[in-house]
Each structure stands twice: as C-alpha cells, then as structure tokens.
Amino acid sequence: MATRIAYAFLLLINSIISWLMLTPWALKKLEHLTLDYVNISCQGKQCYGYVAVQRVNFALGLFHFLLSILLLGVKSSRDGRASLQNGYWGPKVIVWLAFVVLTFFIPETFFQVWGQYLALIGAMLFVLLGLILLVDLAHTWAEYCLEKIENNDSRGWRVLLIGSTLGMFTASFAMTIIMYIFFAQSGCAMNQAAITINLIVLLITSTISVHPTVQEYNPKAGLAQAAMVAVYCTYLTMSAVSMEPDDQQCNPLVRANGTRTTSVILGAIVTMLTIAYTTTRAATQGIALGGNSSHAYSKIGDEEGEHTLVDQQPTSRREMRAEALRAAVEAGSLPANALDDDDSDDESDDGRKGKDDERGGTQYNYSLFHVIFLLATMWVATLLTQKIDFESTGVAAVGRTYWASWVKIVSAWVCYTIYSWSLLAPVMLPGRFGY
C-alpha cells in the first residue's frame with residue numbers, strides 16, 4: 001500500500017506543477033529558469049502554457065511507460081526486478097525530474113499533436129476504466145454485504161446495507177432537487193436536459209435491478225448496486241452543471257463571491273482522489289482487467305491421474321514445511337495465503353529479515369499499474385488544457401469548460417449503460433454467467 005501511495009503522491013505533485021504552468025507566475029519563473037532566453041510572450045501565451053502542461057505530464061507518462069516495460073512479467077518479489085517497483089525512490093525521482101527537463105528540448109509541434117490526439121484518446125480510456133471499476137465496486141460491495149448477512153445472519157450488516165442504500169438514493173434525489181433549483185433556470189436548456197435525463201435513467205436502472213427476470217438470473221442484483229451507481233452519476237451531473245462557464249447565466253457559483261478559489265481547490269482534490277482510487281482499484285483487480293490473479297498458487301495434482309502425495313525427498317527443512325503447507329492448502333485445511341505467511345517468516349532472498357507479502361505472488365500486476373498511471377497523466381493533461389483562459393490573471397480553474405462538463409454528463413450516461421448491461425447480460429447470455 002505504501003508503494004501505491006508514493007506513486008499517487010508523485011502524480012499529485014506532477015499535477016500541481018502542471019496546474020501552475022497555466023498561471024502567469026509559473027510562466028515568469030520559467031523565463032527566469034531559462035535565463036530569459038525563452039520569451040514566453042512571443043507567439044502568444046496559450047501556446048507556451050498548453051505545451052508546458054503537456055511536457056510535464058508527458059515526462060511522468062514516459063516514466064511510467066518505461067517502468068511498465070521493465071516490470072513486464074514480474075510475478076513475485078523473488079524476481080530481482082520487483083525492487084524497481086518498491087524501492088530505489090531516490091533514483092526514480094531523479095529520472096522523473098530529468099525527463100521533465102529533457103521534454104523542454106523536444107519541439108513544440110510534437111506536443112501539439114500529442115495533446116490533441118494521443119493524450120485525448122488515453123484520457124477517454126482512463127475515464128472509461130474508472131466507470132467500469134465503479135460498477136465493479138457497486139457489485140462487490142453489495143455481494144459482500146449479502147454474503148455477511150447469509151453466512152452470519154448479521155443484523156448489523158443488514159442495517160448497513162439497507163441504510164447505505166437508502167442514504168445513497170436520498171443523496172441522489174437531494175442533489176437532483178438542488179440542481180433544479182439553482183442550475184435549471186429559464187434559458188438553461190443544457191442543464192435542464194442533463195438533469196432530467198439523469199433522473200429518468202436513474203429510475204429506469206433502479207427498476208431493472210429489481211425486475212423479476214433479472215433477479216431470476218442474478219439473485220444478488222438489487223437496489224444496493226443501483227443506489228451506488230445513481231449517487232455517483234448524479235454527482236457527475238451536478239459537478240458538470242456546477243463547473244460549466246456562466247456565459248448563459250446558468251451557474252450561480254461563478255458569480256458568487258469567494259467561491260471560485262474554493263471550487264477550484266475542491267475540484268483539484270476530488271480529481272486527485274478519483275485518480276488515486278482508480279489506479280489503486282485497477283491495480284488490485286487484475287483478473288477483471290485481463291491481468292493475473294494476485295496469488296497464483298499452483299495446485300498439486302492438476303494433471304489427470306496425478307496423486308497429491310509427497311513422493312520426493314525435500315532438500316531442506318524449509319522445503320519440507322513448504323511442501324506440507326501446499327498439501328494442506330490443496331486439501332482445504334489452510335487458506336491459500338498460508339503460503340505467504342510461511343515465506344514471510346523466513347529471510348528474504350537477499351538475506352534481509354522482514355515481512356514480505358509478495359513472495360508467493362504480487363498483490364497486483366506491476367505493468368498494468370503503470371499503464372493506468374500513464375493514462376492518468378493523459379487525463380490530467382487533457383483536463384488542464386481544454387479551452388484555457390489565458391486572459392485571466394487569477395487562479396486557473398480546472399475543468400470549468402463546456403468540454404469538461406459534457407465529458408462528465410456523457411460519462412454518467414456511459415456508467416448507467418455499463419451497469420444496465422451488467423444486469424441484462426446474464427439474461428441475454430445465460431451460458432456465459434454462472435449465477
């Protein structure tokens with residue numbers, strides 16, 4: 001977990017630097033760093049600010065791309081390359097900073113093409129990945145609560161499941177009412193349409209989740225998952241209408257005194273938390289995303305006719321114990337992570353004492369982890385550089401554009417579609433699902 005937090009913090013610092021590159025203060029500092037050799041005002045401010053953001057995020061993206069290549073195929077901490085993921089932080093930070101410096105020697109035309117096409121595609125993939133993981137989280141949460149209720153007949157888990165479901169639906173309807181009051185005045189057709197469509201689709205997906213046919217093919221489907229999807233999509237819609245420009249007099253937050261800086265800071269925090277959640281969730285869900293399982297323990301006696309008895313003399317007491325543990329795991333007497341506990345009690349391969357919970361298998365796919373971070377840098381760069389207002393001398397607002405608003409609105413619709421498909425797929429393709 002510490003490793004993932006460290007990479008998320010590095011992304012946060014990189015995003016802040018990118019954000020500062022949009023401000024006049026950062027541009028002046030950039031002039032001083034180049035000993036006034038680069039005149040930022042030439043050819044217009046927009047070109048330099050746009051390219052500066054793309055350079056900084058391209059540097060971190062390149063850093064993660066190289067790590068994803070170097071860590072390809074790492075299965076456990078026994079692989080010497082695993083230390084590249086969890087250690088060498090000093091050299092890695094130096095390499096990242098070196099990449100940032102080197103990007104300023106790359107022609108600007110490269111970053112204009114990169115930002116307008118390649119980074120935009122990566123950003124859309126990142127958004128789509130986040131929606132898929134949100135739907136997966138909704139199903140996982142509900143099924144976990146139902147498992148606790150069924151196995152333990154727990155009143156506490158039953159109250160938690162029902163209470164959270166009611167709470168999320170209440171929050172969804174409360175946000176809808178607030179949006180209608182403050183952001184759907186006369187003449188605000190875009191906001192009115194977005195809010196109304198979200199409410200209608202919310203009711204439709206909730207009805208589908210409890211439909212008898214859906215329940216027949218997937219008894220664990222229900223309002224708990226629908227509530228989580230509803231509150232997230234309603235939040236996306238509210239974020240969209242509250243972050244749009246105020247040229248149509250439809251966003252009172254822009255006109256309110258003292259809210260601009262606060263909304264910018266809160267928006268940046270929410271963005272970073274979303275990125276951190278998406279990357280962490282993706283890293284720990286390798287199976288769903290096509291990666292390897294966290295602990296790929298090999299079974300004893302997989303081949304036909306092979307018995308599960310130990311028929312060779314182990315070469316050491318440690319191997320004897322490991323062989324006995326594997327046999328116990330195969331028989332179901334011990335959980336699979338008992339193999340990790342055995343490994344962590346001994347010295348690591350390099351002779352150091354300490355707990356190593358990845359000797360039996362990595363907890364997540366290292367290469368996939370860095371690919372997700374690469375997409376995250378593309379999303380940050382795209383979010384910061386869409387319709388930049390370089391005439392403003394204040395704090396650069398993140399995502400206060402119609403482009404960003406429509407991305408959020410469409411993302412909510414896509415999320416509803418993914419969730420609806422997860423409900424209807426077992427009905428339409430029963431042979432591919434084992435409910």
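Student: How much space lies in the largest cavity, and what makes it a cavity?

Tutor: About 40 Å³ lies in there. It's called a cavity because, on a 1 Å grid over the protein atoms alone, a 1.4 Å probe fits at its points but cannot get out. The volume is the space filled by probe spheres set on those points, joined across faces, edges and corners. Mind you, this is a predicted model: local features need pLDDT of at least 70, side-chain atom pairs count only at pLDDT 80 or more, and totals for chains, interfaces and linings use all residues. Residues are numbered from 1 along each chain as its sequence is written, and side-chain values use heavy atoms, with hydrogens and water left out.

Student: Which residues line the largest cavity?

Tutor: Q54, N57, F58, G61, W114, L374, T377, M378 and A381; lining residues have an atom within 4 Å of a point. By class that's 5 nonpolar, 4 polar and no charged residues, where Gly counts as polar and Asp, Glu, Lys and Arg as charged.

Student: Why is the set with F63 and W379 called a nonpolar core?

Tutor: Because a nonpolar core is a set of buried (under 20% relative accessible area, 1.4 Å probe, protein chains only) Ala, Val, Leu, Ile, Met, Phe, Trp, Tyr and Cys residues joined through side-chain atoms within 4.5 Å.

Student: How do you know whether Y88 is buried or exposed?

Tutor: Its relative accessible area is 52%, and exposed means over 50%, so Y88 is exposed. Y88 also has a positive phi of about 55 degrees although it is not a glycine.

How values were computed: On a 1 Å grid over the protein atoms alone, a cavity is a set of points where a 1.4 Å probe fits but cannot get out, and a pocket is an open set with protein on both sides within 12 Å along at least five of seven lines; lining residues have an atom within 4 Å of a point.
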